[in-house]
Amino acid sequence: MKNILVTGGLGFIGSHTVVELQNTGYHVIIVDDLSNSKIEVLERIKEITGIAPEFHQIDLRIKQDVKDLFANTTIDGIIHFAAFKAVGESVEKPLDYYENNIGSLVYLLQEMRDRNIDHFIFSSSCTVYGQADELPITENAPIKPAASPYGNTKQIGEEIIKESCEAYGMNAIALRYFNPIGAHDSIKIGELPLGVPQNLIPFVTQTAAGIREQLSVFGDDYDTQDGTAIRDYIHVVDLAKAHIVALQRLLHKENKSSFEFFNIGTGKGSSVLEVVKSFEKVSATKLNYKIVDRRPGDITAAYADTTLAEKELRWKTEKSLDEALLSAWQWQQENK
Ligand code: NAD
Ligand code: WQD
C-alpha cells in the first residue's frame, strides 16, 4: 500500500480527496494545523470510508516539525493543499501569505530532495490566467501578472516546483482548479468558511439559510449574456478525483515531462444569475439578492478547456451544477 502525505487534508478540498484516496486503497497521512479546519473532519472521514487516516497536527511553517515528520514517516507521494486562500486578506497580509504558501512549499520540497521522495501534486488555481484573452482557457494561455499576493503565491509556487523537478529529478503535477463548490454525497464533509464568506456559493447558501440577509450580486454590466460574471463551478468530489488520477499518472510514470499542469474544471461557464436560478430551483427557496457594483479585481469570465485533462488524465467531471448546488445546500442545512 502506498503512503500518501496530504497536507491541508482536513480542509475543504483536502478532506474530499482523502476520502477518494482511502476508497482507492492508499494509506493516507494527513498533516494540518487546523488554522482553517476542524478536528471533527477526521471523524467524518472515518465515518464515510470506515478508515481513520493517520493525522499529525503540524504547522508546515515550522521547519523542524516538517523535518521530524519526514524523519519518522515513509512517503511515496505528496498532495499539497495546505495554504492560506483568501484573496482579499492576502492584499492586507502579503507576508503571511508568502511565509505560508511559499515557505511551507519550500520546506516540503527540501525534504523530498534530501530523502529522494518523488511524486508531488500541487493545488494551483485558474487565477494564474487572470482575464484570459480567449475562452475556454487552455493550458497554453499565458500567465498574467497576478492580481493579488495570493495569486502570486500560486504562480511562484508553480515555478519553484518546476525548477525543483528539473534540478533534483522529481516529478510533479500542478492542478489549476477553477471554482470548487459543493459537498460530499454523504453530507458529512463540505466547505467551512470562517466569518463572512467571500465566495459566491457559501454566501448564497448562508443567505438562503437566513444567516445573511441578502446576497450582493457584484455587477450586471459585464459583457456577458445576462451582464453578470461567468465562472466554471466544479463539484468538489469531481475535483478530488482529479487528484487520484494525477497521482496515479506520476506513480505509474505516465507523465510526459517532470513538471506538468492541467486545468481542472467542467468546461462550462455559468453566470452569477444562472447560479442563483439553479440554486433557487434545487433548494426550492427564493433567494434575496440585489445587484450592486462590481467587486474590484473581478474578471468578466473564466472557464476551462478540459481537452488536455480528458486526454492525458482520462478524467472529466461527472456532476452537474445542480447537483453541486444541492449538495452545498444540504451541507448548509446540516451546519446551521
Ligand atoms: P482550506 O482552507 O479549506 O484547506 C486548507 C487546509 O490547510 C486547512 O485545513 C488549513 O487548516 C490547512 N493549513 C493551512 N496552512 C497550514 C500550515 N501552515 N500547516 C498545516 N496546515 C495548514 O482550503 P481549500 O479550499 O481546501 O484549498 C486547498 C488548496 O487549494 C489551497 O492551496 C488553495 O489555495 C487551493 N485552491 C482553492 C480554491 C478554492 O476556491 N477553494 C481554488 C483554487 C485553488
Ligand atoms: C464568483 C463570482 C463574483 C460573491 C476566487 C479567487 C480565486 C479562486 C476561487 C483560489 C464572481 C460573484 C461572489 C458574492 C457575487 N480561489 N460574487 N457575490 O472570484 O471567481 O475566485 O475563488 O484560488 O483565486 O479569486 O470566486 O466565489 O468569489 O466569485 O456576485 O457575494 O460570484 O463577483 O463573479 P472568484 P467567487
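A polar side-chain atom of Asp298 lies 2.5 Å from an oxygen atom of ligand 2, a polar contact in the sense used here (a pair of N or O atoms within 3.5 Å; within protein, one must be able to donate a hydrogen and the other to accept it, and residues adjacent in sequence count only if both atoms are side-chain atoms). The protein covers 87% of the 690 Å² of accessible area that ligand 2 has on its own, where accessible areas come from the Shrake-Rupley method with a 1.4 Å probe and, for residues, only the protein chains shown count as cover.

This is a predicted model, in which local features need pLDDT of at least 70 and side-chain atom pairs count only at pLDDT 80 or more, while totals for chains, interfaces and linings use all residues. Residues are numbered from 1 along each chain as its sequence is written, chains are lettered from A and ligands numbered from 1 in the order in which they are written, and side-chain values use heavy atoms, with hydrogens and water left out.

Around ligand 2 there are 19 residues, of which Ser125, Tyr150, Ser216, Arg231 and Asp298 come nearest; a residue is counted as near if one of its heavy atoms lies within 4 Å. Helix H7 and strand E8 (215-218) each supply at least two residues of this shell, and the largest share, four residues, comes from E8. Helices (H or I, at least four residues) and strands (E, at least two) are DSSP runs, numbered from the N terminus. The shell around ligand 2 divides into ten nonpolar, six polar and three charged residues, with Ala, Val, Leu, Ile, Met, Phe, Trp, Tyr, Cys and Pro counted as nonpolar, Asp, Glu, Lys and Arg as charged, and the others, Gly among them, as polar.

Ligand 1 is surrounded by 28 residues, and the closest are Asp32, Asn36, Ser37, Asn100 and Tyr150.

| Residue and atom | Ligand atom | Distance |
|---|---|---|
| Ile13, polar backbone atom | ligand 1, oxygen | 2.8 Å |
| Lys85, polar side-chain atom | ligand 1, oxygen | 2.8 Å |
| Lys154, side-chain N or O atom | ligand 1, oxygen | 2.9 Å |
| Tyr150, polar side-chain atom | ligand 2, oxygen | 2.6 Å |
| Ser216, backbone N or O atom | ligand 2, nitrogen | 2.7 Å |

Taken alone, ligand 1 exposes 820 Å², and the protein buries 95% of that. The elements giving two or more residues to the shell around ligand 1 are helix H1 (12-24), helix H5 (94-114), strand E5 (120-125) and helix H6 (149-168), with the largest share, three residues, coming from E5. By class, this shell has twelve nonpolar, ten polar and six charged residues.

The second largest pocket holds about 360 Å³ of space. It is lined by 21 residues, of which Glu191, Leu192, Pro193, Gln206 and Trp331 lie nearest its centre. On a 1 Å grid over the protein atoms alone, a pocket is an open set of points where a 1.4 Å probe fits, with protein on both sides within 12 Å along at least five of seven lines, and lining residues have an atom within 4 Å of a point. Helix H7 (200-208) and helix H11 (321-334) are the elements that give two or more residues to this lining, and H7 contributes the largest share, four residues.

Leu321 lies in helix H11 and is buried, with a relative accessible area of 18%, since buried means under 20%. The C-alpha atoms of Leu321 and Ile234, which are 87 residues apart along the chain, are separated by 7.4 Å.

Technical notes:
Grid points are joined across faces, edges and corners, and a volume is the space filled by probe spheres set on the points. Buried means under 20% relative accessible area, exposed over 50%, partly exposed in between (1.4 Å probe, protein chains only).
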